[in-house]
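Take a walk through this protein, from its overall form down to single residues.

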Amino acid sequence: MTQTLNFLFVGDIVSNLGVDVFLKHLPNIKNKYSIDSIIVNGENSAKNGKGITAKIAEQLKTAGVDIVTSGNHIWENREIYDFLNKTDYLLRPANFPSDCPGKGYAIYQVKDKFVGVINLQGRVFMRENIDCPFRKAESLLTLLKSKTNMIIVDFHAEASSEKRALGNYLDGKISLFCGTHTHIQTADERLLPNGTAYITDVGFCGAHDSILGMEKDSIITKFITQLPTKFKPETKPPFEINAIYSKIDSISGKALAIERIRILDNVI
Ligand SMILES: [Fe+2]
Ligand SMILES: [Fe+2]
C-alpha cells in the first residue's frame, strides 16, 4: 500500500498554445517525478486567453488531469457556466456568491486515497467583492477534513502579502498551498513549520517573451493610454511551463517535499 502520493500542480495555462506545450511535456514530467495526480489552473486556457471552454476542460481531463482550478477569468466565457454546473472536476473560486455556477471544492480519488482541493480568490488588488477567503477556507476544511487529510489549495490572488498570510494561516491544516494568478513563478517554495508545502505563485504556461502570456505591445499601450485595449496571447516561441511537484503523506496529510519546475521550450 502506498503511503505517499506525488502531485503535479501547473500554473495558469494561457491559450491553446499553453495547453499544447503542457501536454507535450507532461509524459516526461510524469515520468521524472512519478506523478500520481495532476491539478492545473485552466482559467486562461481558451484560445483568446480568457476563461476556458468545455472542450478544453475535457481535453485536459482526457490527458490525465484530475482537477482543473480557475480564478477571476473563469466568468469571461459564458458557455462554460452550464458546464460548471454539470461537472465536478472544473472548479471556480469558492468564495464567490453561492448562487454563481459551479463549486469551489472537490474530493476525488487517487489510487485508494481521497484528496480534497479548494479553489479560492484573493481580495487585495482584485476587482470582485467576494467573501473572506480565510473564513471560507476554514468552513470548507471542516467539510473536507471528515473525508481526507490530503488537501490542496489554489489561492488565486494578486498580492504576495495576502498569499503569505493565507498560506501561513492554513499551515498544518492543508498539505499544499499553491498561489496562482500573477503568472510569475516565485522562488519561495518551502515546507512551512507545521507541514504545509507552500509557494506564493506557481507561474504560468505560455509564451516566454510576453507579458503574462499576452503580446507585449497591447499591454504596454494599456498602461500608457489607460484606454480599453484588446489583449491577444503571444504565439511566438519559446514557451515555458511553470509547475510544482509535491510529495504528500496520505495519512498525516503533511507535505514531505516541494520543488519548482520551470521548462523552456523553443518549439511546440
Ligand atoms: Fe491567469
Ligand atoms: Fe487570474
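Two residues are in contact if their C-beta atoms, placed from the backbone, lie within 7 Å. By that rule, residues 24 or more positions apart account for 65% of the contacts in the protein with a separation of 6 or more. The model is predicted: local features need pLDDT of at least 70, side-chain atom pairs count only at pLDDT 80 or more, and totals for chains, interfaces and linings use all residues. Residues are numbered from 1 along each chain as its sequence is written, while chains are lettered from A and ligands numbered from 1 in the order in which they are written.

Begin with the whole. The protein has six helices and 13 strands. Both are DSSP runs numbered from the N terminus: helices are H or I with at least four residues, strands are E with at least two. The C-alpha atoms fill a box of roughly 55 × 40 × 35 Å along the principal axes. The radius of gyration, taken over C-alpha atoms, is judged by a globule rule of 2.2 Å times the number of residues to the power 0.38. For 268 residues, a compact globule would have a value near 18 Å, and the protein agrees with 17 Å. Of the 268 residues, 48% count as buried. A residue is buried if 20 or more other C-beta atoms lie within 10 Å of its own, exposed if 12 or fewer, and partly exposed in between; these C-beta atoms are placed from the backbone.

Now the sheet. Two strands pair if DSSP finds at least two bridges between them. An open sheet of six strands has the order β5-β6-β7-β8-β10-β9, with mixed pairing. Its edge strands are β5 (105-110) and β9 (190-191), each pairing on one side only. β9 is joined to β10 (residues 197-199) by two bridges, and the two run antiparallel. There, Leu 191 stands opposite Ala 197. β6 and β7 instead pair in the parallel sense, over six bridges. Gln 121 has His 156 of β7 as its bridge partner.

How many residues of β7 are buried? Six of its six are. In a regular strand the side chains alternate between the two faces of the sheet. In β7, Ile 151, Val 153 and Phe 155 point one way, and Ile 152, Asp 154 and His 156 the other. Helix α4 (residues 133-144) lies across β5, β6 (113-121) and β7 (151-156). α4 runs at about 165° to β6; axes are lines fitted to C-alpha atoms, for helices over the stretch in contact, and angles run from 0 to 180 degrees between N-to-C directions.

A nonpolar core is a set of buried Ala, Val, Leu, Ile, Met, Phe, Trp, Tyr and Cys residues joined through C-beta atoms within 7 Å. The largest one has 69 residues, of which Phe 9, Val 153 and Leu 176 touch the most other members. β12 gives the most to this core, with six residues. Leu 176 touches residues including Phe 7, Phe 9, Ile 152 and Ile 248, leaving aside those up to four places away in sequence.

β11 has partners of both kinds. Strand β2 (residues 12-13) runs parallel to β11 (residues 204-207), joined by two bridges. Cys 205 stands opposite Ile 13, and Ile 241 in β12 is the bridge partner of Cys 205.

Turn to helix α2 (residues 54-62), where Ile 56, Ala 57 and Leu 60 are buried. Seen down the helix axis, they fall within an arc of 100°, so they line one face of α2; the arc is that of the directions from the axis to the C-beta atoms. They pack against α1 (15-33), β3 (37-41), β4 (67-69) and α3 (80-86). The face turned away carries the exposed Lys 55 and Thr 62. Just after α2, Gly 64 takes a positive phi of about 115°.

Last, the backbone exceptions. Most residues other than glycine have a negative phi, and most peptide bonds are trans. His 181 has a positive phi of about 105°, in the loop between β8 (176-180) and β9. With 27 C-beta neighbours inside 10 Å, His 181 counts as buried. Leu 212 has a positive phi of about 60°, in the loop between β11 and α6. The peptide bond from Pro 237 to Pro 238 is cis, with omega near 0°. Pro 238 is found in the loop between α6 and β12.
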